[in-house]
Amino acid sequence: MRNSVSTFQKLKNEGKKISMLTAYDYSMAKIIDESGVNGILVGDSLGMVIKGEDNTLSVTVDEIIYHTKAVKKGAKNSLIVSDMPFLSYHISNEKAIENAGRIIKEGGANAVKLEGGANVINQLKAIVDAQIPVMGHLGLTPQSINALGGFKIQGKNEDAARKLIEDAKLIEKAGAFAIVLECIPKEVAELITKEISIPTIGIGAGNKCDGQILVYQDMLGMFDDFVPKFVKQYANVGNTMRESIKTYIGEVEEGFFPQDKHSFKINETELKKLY
Ligand code: KIV
């Protein structure tokens with residue numbers, strides 16, 4: 001049965017950890033889902049790892065819907081959460097509900113995620129009131145890259161940490177079902193996790209969060225433009241791919257691939273007629 005927002009809450013209540021990974025297409029979603037994660041995020045990180053941009057700002061609602069559709073087909077058990085892109089929820093409550101609604105109706109997501117605290121709390125509540133589950137996102141919020149002045153660790157002094165705790169409480173009160181905490185000191189993430197009753201999902205936020213999320217290209221060693229400190233590479237799939245592709249090129253050049261077992265045949269009688 002598919003994980004739901006209730007599954008996430010139940011796991012927190014029982015003190016069990018929640019695992020999430022990103023996915024953006026059918027075949028990866030299928031592998032990740034079959035491996036047993038609780039949730040898949042169709043993240044706007046696709047701007048960087050799929051589109052090759054320097055940041056997430058150019059991602060559109062249509063792109064999120066396109067990728068969510070593919071992920072939904074591949075993932076039968078995970079809760080599918082899709083990111084609301086930059087400026088798709090800032091303009092008004094109505095626009096926020098409309099865009100979240102499209103991601104659910106057209107893309108097939110089970111929930112949406114949006115970045116920010118007090119500054120977007122009205123929109124977050126409006127989406128929740130429209131019966132769409134919302135995941136919050138605090139700390140290093142990549143959509144604010146220009147305002148933050150780069151990809152920097154957040155919540156490093158008392159005021160900044162207090163603001164994060166206050167924002168987390170506001171997000172919980174507005175009805176979100178979980179909050180991503182990105183790139184904040186582990187002690188601050190632990191405090192937030194204790195202070196709120198909904199699950200926290202960490203990325204660069206230490207091991208006291210209720211769950212963890214990583215971008216799959218990072219954890220499989222498929223994206224080495226920049227490897228953040230919080231990433232653990234569980235494999236180097238990038239090297240395996242490069243080696244396999246080089247072998248393929250060599251075999252094509254030598255005429256060793258394809259062999260008979262990879263080829264189709266016409267029967268002898270039909271063949272003779274061609275000569
Ligand atoms: O877009 C994304 O992949 C994310 C995760 C890094 C949490 O927001």
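## Exercises on a ligand and its pocket

α3 (46–49), β6 (178–182) and β8 (211–214) each contribute at least two residues to the lining of the largest pocket, where helices (H or I, at least four residues) and strands (E, at least two) are DSSP runs numbered from the N terminus. The model is predicted, with local features needing pLDDT of at least 70 and side-chain atom pairs counting only at pLDDT 80 or more, while totals for chains, interfaces and linings use all residues. Residues are numbered from 1 along each chain as its sequence is written, and side-chain values use heavy atoms, leaving out hydrogens and water.

**Exercise 1.** Find which residues surround the ligand, and sort them by class.

*Solution.* Next, divide the shell by class, which gives four nonpolar, four polar and three charged residues; here Ala, Val, Leu, Ile, Met, Phe, Trp, Tyr, Cys and Pro count as nonpolar, Asp, Glu, Lys and Arg as charged, and the others, Gly among them, as polar.

**Exercise 2.** Find the distances from polar side-chain atoms of Asp83 and Lys113 to an oxygen atom of the ligand.

*Solution.* Look for polar contacts, meaning pairs of N or O atoms within 3.5 Å (within protein, one must be able to donate a hydrogen and the other to accept it, and residues adjacent in sequence count only if both atoms are side-chain atoms). For Asp83 the distance is 3.1 Å, and for Lys113 the distance is 2.9 Å.
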